[in-house]
Each structure stands twice: as structure tokens, then as C-alpha cells.
Amino acid sequence: MPGVPVNCSATWNGCERNLCTFLALATNVFLMPFYLLHGRLMTPAQAGLVLSAQPLVMAVLAPISGGLSDRIGTRLPAFLGMLFLALGLFLLARLDGASPLGQVILALAVTGLGIGIFVSPNNSALMGAAPRHRCMGRRPGGRRRAALPAALGAHRARRQARRLREHAAGLHPQ
């Protein structure tokens, strides 16, 4: 990988795990819509609803897993995350056109469970393994520097949404 020094061997295992997780997630995100739309003959809205099981579980568990890994270390949560990811992928691989919808949602939720548990501890381990002098990411005040553009962007988005609502209601002709 360009830009990664060869002597950072402590981070290679974490990079490999991140790559495997990303490939599993990308394959899942790419193939599941085809399965649901063409194999199960769902509408796009129905397929989107079913597919939302995975990111919802990920969104709930990632912060919990990150906090847990800060207290007990990264190895156990990362291991459990990969274990659940493997189980979820196994369940997804066993689906066919006659599988009950609950089984599809369960398989996606278990996959989301695995990724949600795995990603935070693994990223923490990667960042912790990098030598201090090589870290170019977070510096003191980094959160404050990132918060200002985010707040300005949110304010701008709210203002634009209000203009769109007014325009749709005929209150703001353009």
C-alpha cells in the first residue's frame, strides 16, 4: 500500500481485517438488492426497508462497542464482531428465493451486528498501533475545528430546506 511504511507491521493485521470486513460489507451491499428485487420480486421501497436492518443494527452497536473496547481492550470485541460477521454471511449464503422474509432480515441483522461490533475496536487498535511520530490525524483542537464547518453546514441545510418548503407552498416565488 503506497504511503504506509513497511516498518508499521503492527498495523498490517488490522488493515487486513478492515479489508476483509469492507469486502464482506461491499459484496453484501452490492448483491442483496439484486436478490431482493429480482429474486424475491420486491419493490425498491420494500427492498430498502429490508436492507435497513443491517445499518440500523450497526448504528446502534458501533458506539457501544467502541466504549466497551475502551474499557476491556480491543481483542475480544473485534473477535466477537468477526464471529458474528461470519455467522451473518453464512446465513446470507444459505438464502434462496423461498427463504422466509424474517430469515433474510435476521441474516442482515446478524451481519450488521458483526460489523457494528468489529469496526470501532479494530480502528482503535489500528490507531493505537501507529507510532506517535507517524500520526497525522487527530491533533489537539481537532474536534473543535471539525465542529465549526459541520455546524455551518447543518445551518445551511436547514435554511435550504426551509426555502424549498416555502417554494413548494408558493410562498417564495423564484
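Guide: Helix α4 covers residues 75-93, helices here being DSSP runs of H or I with at least four residues, numbered from the N terminus, as strands (E, at least two) are. Its 19 residues reach 27 Å from the first C-alpha to the last, close to the 27 Å expected at 1.5 Å a residue, where the expected span is 1.5 Å times one less than the number of residues. This is a predicted model, in which local features need pLDDT of at least 70 and side-chain atom pairs count only at pLDDT 80 or more, while totals for chains, interfaces and linings use all residues. Residues are numbered from 1 along each chain as its sequence is written, and side-chain values use heavy atoms, with hydrogens and water left out.

In α4, Pro77, Ala78, Gly81, Leu85, Gly88 and Leu92 are buried (under 20% relative accessible area; exposed is over 50% and partly exposed in between, with a 1.4 Å probe and protein chains only). Seen down the axis of α4, these buried residues fall within an arc of 95°, so they line one face of the helix, the arc being that of the directions from the helix axis to the C-beta atoms. The face turned away from that buried side carries the exposed residues Arg75, Phe79 and Ala93.

Pro77 and Ala78 are also among the contacts of proline 121 beyond four places in sequence, together with Ser65, Ser69 and Thr74, contact meaning heavy atoms within 4.5 Å. Proline 121 lies in helix α5, residues 101-129, and is buried, with a relative accessible area of 0%.
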